[in-house]
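Dear colleague,

Please find the structure we spoke about below, followed by my notes on what was found in it.

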Amino acid sequence: MAEPEKQKRILVTGGSGLVGKAIQKVIADGEQRPDEKWIFVSSKEADLTNAAETSALFEKHKPTHVIHLAATVGGLFRNLNHNLEFWRKNIHINDNVLQAAFESGVQKAVSCLSTCIFPDKTTYPIDETMIHNGPPHSSNFGYAYAKRMIDVQNRAYFEQHGCHFTAAIPTNIFGPHDNFSIENGHVLPGLIHKVYLAKKNGTNVTVWGTGKPRRQFIYSLDLARLFVWVLREYNEIEPIILSVGEEEEVSIREAAECIAKAMDFKGQLLFDESKSDGQFKKTASNAKLRKYLPDFQFTPFNQAVKDMCDWFSANYDRARK
(Lines give C-alpha, C1' and ligand atoms only; values in the text may rest on other atoms or scores of the structure.)
Protein backbone atom coordinates (compact mmCIF):
# COMPACT_ATOMS: atom_id res chain seq x y z
CA MET A 1 0.00 0.00 0.00
CA ALA A 2 1.31 3.48 -0.87
CA GLU A 3 2.22 5.79 1.97
CA PRO A 4 -0.76 8.06 2.72
CA GLU A 5 1.11 11.29 1.93
CA LYS A 6 2.24 9.90 -1.46
CA GLN A 7 -1.22 8.73 -2.41
CA LYS A 8 -3.16 10.65 -5.05
CA ARG A 9 -6.66 11.56 -3.93
CA ILE A 10 -8.71 11.99 -7.10
CA LEU A 11 -12.02 13.82 -6.67
CA VAL A 12 -14.52 13.35 -9.52
CA THR A 13 -17.36 15.90 -9.58
CA GLY A 14 -20.51 14.76 -11.37
CA GLY A 15 -19.52 11.27 -10.26
CA SER A 16 -23.04 9.84 -10.61
CA GLY A 17 -23.53 11.07 -14.19
CA LEU A 18 -22.92 9.42 -17.55
CA VAL A 19 -19.12 9.89 -17.63
CA GLY A 20 -18.66 9.62 -13.86
CA LYS A 21 -20.36 6.19 -13.81
CA ALA A 22 -18.21 5.10 -16.76
CA ILE A 23 -15.00 6.14 -14.96
CA GLN A 24 -16.19 4.23 -11.87
CA LYS A 25 -16.63 1.12 -14.01
CA VAL A 26 -13.26 1.51 -15.74
CA ILE A 27 -11.53 1.94 -12.36
CA ALA A 28 -13.39 -1.05 -10.89
CA ASP A 29 -12.50 -3.18 -13.93
CA GLY A 30 -8.75 -2.92 -13.45
CA GLU A 31 -7.59 0.66 -14.09
CA GLN A 32 -7.11 1.36 -10.38
CA ARG A 33 -3.51 1.97 -9.31
CA PRO A 34 -2.21 1.31 -5.78
CA ASP A 35 -1.19 4.96 -5.29
CA GLU A 36 -4.66 6.32 -6.20
CA LYS A 37 -7.79 6.82 -4.11
CA TRP A 38 -10.81 7.70 -6.26
CA ILE A 39 -13.63 9.76 -4.71
CA PHE A 40 -16.83 10.12 -6.75
CA VAL A 41 -19.24 12.84 -5.58
CA SER A 42 -22.67 13.88 -6.82
CA SER A 43 -24.96 16.87 -6.35
CA LYS A 44 -26.35 15.14 -3.24
CA GLU A 45 -23.04 15.82 -1.47
CA ALA A 46 -22.69 19.51 -2.36
CA ASP A 47 -24.38 22.22 -4.41
CA LEU A 48 -21.46 23.32 -6.59
CA THR A 49 -23.24 26.55 -7.54
CA ASN A 50 -22.63 27.51 -3.89
CA ALA A 51 -19.03 28.60 -3.16
CA ALA A 52 -19.16 27.72 0.56
CA GLU A 53 -20.51 24.20 -0.09
CA THR A 54 -17.89 23.64 -2.80
CA SER A 55 -15.10 24.79 -0.49
CA ALA A 56 -16.40 22.51 2.29
CA LEU A 57 -16.46 19.55 -0.12
CA PHE A 58 -12.77 20.11 -0.96
CA GLU A 59 -11.92 20.57 2.70
CA LYS A 60 -13.64 17.27 3.52
CA HIS A 61 -11.98 15.14 0.82
CA LYS A 62 -8.64 17.00 0.47
CA PRO A 63 -8.08 15.99 -3.18
CA THR A 64 -4.68 16.18 -4.85
CA HIS A 65 -6.26 15.76 -8.31
CA VAL A 66 -9.67 16.62 -9.77
CA ILE A 67 -11.72 15.45 -12.74
CA HIS A 68 -14.45 18.06 -13.08
CA LEU A 69 -17.50 16.62 -14.87
CA ALA A 70 -20.35 18.32 -13.00
CA ALA A 71 -22.53 20.61 -15.13
CA THR A 72 -26.08 21.64 -15.79
CA VAL A 73 -26.75 19.93 -19.13
CA GLY A 74 -29.56 19.15 -21.54
CA GLY A 75 -30.39 18.35 -25.12
CA LEU A 76 -31.09 20.78 -27.96
CA PHE A 77 -34.63 21.70 -26.96
CA ARG A 78 -33.89 22.30 -23.28
CA ASN A 79 -30.92 24.47 -24.27
CA LEU A 80 -33.03 26.53 -26.67
CA ASN A 81 -35.37 27.51 -23.84
CA HIS A 82 -32.91 27.97 -20.95
CA ASN A 83 -29.76 29.72 -22.22
CA LEU A 84 -29.59 32.14 -19.27
CA GLU A 85 -30.02 29.36 -16.69
CA PHE A 86 -27.36 27.24 -18.43
CA TRP A 87 -24.93 30.18 -18.51
CA ARG A 88 -25.37 31.22 -14.85
CA LYS A 89 -25.39 27.77 -13.25
CA ASN A 90 -22.39 26.51 -15.19
CA ILE A 91 -20.36 29.68 -14.66
CA HIS A 92 -20.93 29.38 -10.89
CA ILE A 93 -20.11 25.65 -10.83
CA ASN A 94 -16.90 26.03 -12.83
CA ASP A 95 -15.65 29.09 -10.95
CA ASN A 96 -16.33 27.50 -7.56
CA VAL A 97 -14.66 24.19 -8.44
CA LEU A 98 -11.52 25.73 -9.96
CA GLN A 99 -11.14 28.27 -7.15
CA ALA A 100 -11.57 25.56 -4.52
CA ALA A 101 -9.01 23.44 -6.38
CA PHE A 102 -6.58 26.37 -6.33
CA GLU A 103 -7.17 27.23 -2.68
CA SER A 104 -6.74 23.62 -1.55
CA GLY A 105 -3.52 23.10 -3.51
CA VAL A 106 -4.81 20.58 -6.06
CA GLN A 107 -1.88 19.43 -8.23
CA LYS A 108 -3.90 18.86 -11.41
CA ALA A 109 -7.49 19.47 -12.52
CA VAL A 110 -9.05 18.20 -15.74
CA SER A 111 -12.38 19.78 -16.71
CA CYS A 112 -14.86 18.42 -19.24
CA LEU A 113 -15.80 20.77 -22.09
CA SER A 114 -17.93 20.04 -25.18
CA THR A 115 -17.60 20.47 -28.95
CA CYS A 116 -20.59 22.85 -28.79
CA ILE A 117 -18.12 25.50 -27.55
CA PHE A 118 -16.64 25.83 -31.04
CA PRO A 119 -17.67 28.64 -33.41
CA ASP A 120 -20.84 28.09 -35.42
CA LYS A 121 -19.29 29.64 -38.53
CA THR A 122 -16.05 27.77 -39.06
CA THR A 123 -14.06 25.46 -41.30
CA TYR A 124 -13.93 21.71 -40.71
CA PRO A 125 -12.51 19.78 -39.07
CA ILE A 126 -12.38 21.94 -35.96
CA ASP A 127 -9.34 21.56 -33.71
CA GLU A 128 -8.11 22.77 -30.33
CA THR A 129 -6.74 26.07 -31.70
CA MET A 130 -10.17 27.28 -32.93
CA ILE A 131 -12.20 27.46 -29.70
CA HIS A 132 -12.37 31.27 -29.49
CA ASN A 133 -12.61 32.10 -33.21
CA GLY A 134 -16.24 33.27 -33.17
CA PRO A 135 -19.65 32.85 -31.49
CA PRO A 136 -21.00 29.33 -30.82
CA HIS A 137 -24.30 28.15 -32.31
CA SER A 138 -27.19 30.31 -31.11
CA SER A 139 -29.22 27.30 -29.89
CA ASN A 140 -27.02 26.69 -26.83
CA PHE A 141 -24.86 29.81 -26.49
CA GLY A 142 -25.35 29.98 -22.69
CA TYR A 143 -23.92 26.52 -22.03
CA ALA A 144 -21.29 26.89 -24.77
CA TYR A 145 -19.87 30.19 -23.50
CA ALA A 146 -19.85 28.95 -19.90
CA LYS A 147 -17.86 25.88 -20.94
CA ARG A 148 -15.58 27.97 -23.16
CA MET A 149 -14.68 30.15 -20.18
CA ILE A 150 -13.09 27.15 -18.42
CA ASP A 151 -10.31 27.32 -21.01
CA VAL A 152 -9.84 31.05 -20.28
CA GLN A 153 -9.81 30.36 -16.54
CA ASN A 154 -7.35 27.45 -16.84
CA ARG A 155 -4.87 29.65 -18.70
CA ALA A 156 -5.30 32.46 -16.16
CA TYR A 157 -4.68 30.13 -13.18
CA PHE A 158 -1.59 28.77 -14.93
CA GLU A 159 -0.18 32.21 -15.83
CA GLN A 160 -0.85 33.76 -12.41
CA HIS A 161 -0.30 30.81 -10.07
CA GLY A 162 1.33 28.01 -12.10
CA CYS A 163 -1.71 25.74 -11.61
CA HIS A 164 -1.82 22.64 -13.80
CA PHE A 165 -5.46 23.02 -14.82
CA THR A 166 -6.45 21.70 -18.26
CA ALA A 167 -9.54 20.50 -20.14
CA ALA A 168 -10.73 17.69 -22.40
CA ILE A 169 -13.27 18.25 -25.18
CA PRO A 170 -15.38 15.17 -25.95
CA THR A 171 -17.71 14.92 -28.92
CA ASN A 172 -21.27 13.58 -28.36
CA ILE A 173 -21.10 11.14 -25.43
CA PHE A 174 -23.47 8.21 -25.05
CA GLY A 175 -23.70 5.08 -22.92
CA PRO A 176 -25.29 3.42 -19.88
CA HIS A 177 -26.52 5.77 -17.09
CA ASP A 178 -27.31 8.53 -19.63
CA ASN A 179 -30.41 10.73 -19.24
CA PHE A 180 -33.03 8.99 -21.39
CA SER A 181 -35.58 11.81 -21.15
CA ILE A 182 -37.43 12.22 -24.44
CA GLU A 183 -37.97 15.96 -23.81
CA ASN A 184 -34.64 17.00 -22.28
CA GLY A 185 -32.10 14.27 -23.03
CA HIS A 186 -29.50 14.13 -25.79
CA VAL A 187 -30.32 12.61 -29.14
CA LEU A 188 -29.28 8.95 -28.74
CA PRO A 189 -30.79 8.23 -25.29
CA GLY A 190 -33.95 10.11 -26.27
CA LEU A 191 -34.29 7.98 -29.42
CA ILE A 192 -33.59 4.77 -27.50
CA HIS A 193 -36.42 5.62 -25.07
CA LYS A 194 -38.76 6.42 -27.99
CA VAL A 195 -37.98 3.16 -29.78
CA TYR A 196 -38.38 1.17 -26.55
CA LEU A 197 -41.88 2.63 -26.00
CA ALA A 198 -42.88 2.30 -29.66
CA LYS A 199 -41.86 -1.36 -29.71
CA LYS A 200 -43.82 -1.99 -26.51
CA ASN A 201 -46.92 -0.16 -27.81
CA GLY A 202 -46.75 -1.28 -31.44
CA THR A 203 -46.44 2.27 -32.82
CA ASN A 204 -44.08 4.11 -35.17
CA VAL A 205 -41.26 6.42 -34.00
CA THR A 206 -41.13 10.12 -34.79
CA VAL A 207 -37.60 11.53 -34.92
CA TRP A 208 -37.34 15.29 -34.42
CA GLY A 209 -35.73 17.10 -37.36
CA THR A 210 -34.68 15.93 -40.81
CA GLY A 211 -32.23 13.26 -39.69
CA LYS A 212 -29.51 14.89 -41.81
CA PRO A 213 -27.24 16.51 -39.15
CA ARG A 214 -24.02 14.59 -38.57
CA ARG A 215 -22.27 13.85 -35.29
CA GLN A 216 -19.23 12.06 -33.91
CA PHE A 217 -20.40 9.89 -31.03
CA ILE A 218 -18.01 8.62 -28.35
CA TYR A 219 -18.95 5.71 -26.09
CA SER A 220 -18.80 6.70 -22.42
CA LEU A 221 -16.53 3.79 -21.46
CA ASP A 222 -14.01 4.75 -24.18
CA LEU A 223 -14.15 8.35 -22.95
CA ALA A 224 -13.64 7.20 -19.35
CA ARG A 225 -10.41 5.42 -20.31
CA LEU A 226 -9.25 8.57 -22.10
CA PHE A 227 -10.08 10.81 -19.12
CA VAL A 228 -7.98 8.59 -16.86
CA TRP A 229 -5.12 8.89 -19.39
CA VAL A 230 -5.46 12.70 -19.52
CA LEU A 231 -5.32 12.89 -15.72
CA ARG A 232 -2.21 10.72 -15.51
CA GLU A 233 -0.26 11.54 -18.66
CA TYR A 234 -1.40 14.69 -20.51
CA ASN A 235 0.73 17.65 -19.42
CA GLU A 236 -0.44 20.56 -21.59
CA ILE A 237 -2.62 23.41 -20.32
CA GLU A 238 -4.16 23.70 -23.80
CA PRO A 239 -7.24 21.46 -24.13
CA ILE A 240 -7.37 18.19 -26.05
CA ILE A 241 -10.27 16.87 -28.16
CA LEU A 242 -11.31 13.32 -27.19
CA SER A 243 -13.14 11.86 -30.15
CA VAL A 244 -13.41 9.14 -32.72
CA GLY A 245 -12.01 10.09 -36.14
CA GLU A 246 -13.77 12.26 -38.71
CA GLU A 247 -14.54 9.15 -40.77
CA GLU A 248 -16.67 7.80 -37.88
CA GLU A 249 -19.23 10.63 -38.14
CA VAL A 250 -22.83 9.41 -38.55
CA SER A 251 -26.09 11.15 -39.43
CA ILE A 252 -29.00 11.26 -36.99
CA ARG A 253 -30.93 9.10 -39.48
CA GLU A 254 -28.15 6.48 -39.47
CA ALA A 255 -28.04 6.59 -35.66
CA ALA A 256 -31.83 6.10 -35.45
CA GLU A 257 -31.62 3.15 -37.86
CA CYS A 258 -28.81 1.65 -35.79
CA ILE A 259 -30.94 1.91 -32.63
CA ALA A 260 -33.96 0.37 -34.39
CA LYS A 261 -31.81 -2.57 -35.48
CA ALA A 262 -30.24 -3.00 -32.03
CA MET A 263 -33.69 -3.12 -30.42
CA ASP A 264 -35.23 -5.27 -33.17
CA PHE A 265 -37.82 -2.57 -33.85
CA LYS A 266 -40.04 -3.40 -36.85
CA GLY A 267 -42.05 -0.15 -37.05
CA GLN A 268 -41.37 2.94 -39.16
CA LEU A 269 -39.00 5.83 -38.42
CA LEU A 270 -40.77 9.10 -39.32
CA PHE A 271 -38.93 12.43 -39.42
CA ASP A 272 -40.69 15.60 -38.18
CA GLU A 273 -39.02 18.29 -40.30
CA SER A 274 -40.89 21.08 -38.48
CA LYS A 275 -38.56 20.50 -35.49
CA SER A 276 -35.16 22.22 -35.31
CA ASP A 277 -32.08 20.32 -36.48
CA GLY A 278 -29.67 22.41 -34.41
CA GLN A 279 -26.13 22.63 -35.76
CA PHE A 280 -25.74 20.66 -39.00
CA LYS A 281 -22.29 19.36 -38.13
CA LYS A 282 -19.36 20.05 -35.83
CA THR A 283 -16.75 17.67 -37.19
CA ALA A 284 -13.75 17.57 -34.86
CA SER A 285 -10.20 16.47 -35.54
CA ASN A 286 -8.69 13.89 -33.20
CA ALA A 287 -5.22 14.36 -34.70
CA LYS A 288 -3.79 15.67 -31.42
CA LEU A 289 -5.15 12.66 -29.52
CA ARG A 290 -3.79 10.28 -32.16
CA LYS A 291 -0.36 11.91 -31.88
CA TYR A 292 -0.34 10.83 -28.22
CA LEU A 293 -2.30 7.55 -28.54
CA PRO A 294 -1.97 6.21 -32.10
CA ASP A 295 -3.17 2.73 -31.13
CA PHE A 296 -6.19 3.56 -28.94
CA GLN A 297 -9.10 1.29 -29.88
CA PHE A 298 -12.60 2.81 -29.88
CA THR A 299 -15.64 0.57 -29.42
CA PRO A 300 -17.41 0.24 -32.82
CA PHE A 301 -20.54 2.46 -32.92
CA ASN A 302 -22.96 -0.41 -33.65
CA GLN A 303 -21.61 -2.48 -30.76
CA ALA A 304 -21.70 0.45 -28.32
CA VAL A 305 -25.29 1.33 -29.33
CA LYS A 306 -26.33 -2.31 -28.83
CA ASP A 307 -24.71 -2.34 -25.37
CA MET A 308 -26.49 0.90 -24.45
CA CYS A 309 -29.88 -0.36 -25.71
CA ASP A 310 -29.46 -3.62 -23.80
CA TRP A 311 -28.55 -1.70 -20.63
CA PHE A 312 -31.61 0.57 -20.95
CA SER A 313 -33.97 -2.36 -21.55
CA ALA A 314 -32.55 -4.22 -18.54
CA ASN A 315 -32.61 -1.14 -16.30
CA TYR A 316 -35.74 0.63 -17.57
CA ASP A 317 -37.31 1.11 -14.13
CA ARG A 318 -34.25 2.81 -12.62
CA ALA A 319 -32.81 4.61 -15.65
CA ARG A 320 -32.93 8.43 -15.63
CA LYS A 321 -35.82 9.51 -17.84
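What percentage of the 321 residues of the chain count as buried? The share is 54%, where buried means under 20% relative accessible area with a 1.4 Å probe and protein chains only. Please keep in mind that this is a predicted model, in which local features need pLDDT of at least 70 and side-chain atom pairs count only at pLDDT 80 or more, while totals for chains, interfaces and linings use all residues. Residues are numbered from 1 along each chain as its sequence is written, and side-chain values use heavy atoms, with hydrogens and water left out.

On the overall fold, the chain has 10 helices and 12 strands, which are DSSP runs (helices H or I, at least four residues; strands E, at least two). Its C-alpha trace spans about 60 × 45 × 40 Å along the principal axes. Among contacts (heavy atoms within 4.5 Å) with a separation of 6 or more, 81% come from residues 24 or more positions apart.

As for cysteines, the structure holds zero disulfides, a disulfide being a pair of cysteine sulfur atoms within 2.5 Å. Cys 112 is in no disulfide, and the nearest cysteine sulfur, that of Cys 116, is 10 Å away; Cys 112 is buried, at a relative accessible area of 8%. Cys 258 is likewise in no disulfide, with the sulfur of Cys 309 as the nearest cysteine sulfur, 7.4 Å away, and Cys 258 counts as buried at 12% relative accessibility.

Key. Buried < 20%, exposed > 50% of the residue type's maximum accessible area, 1.4 Å probe, protein only.
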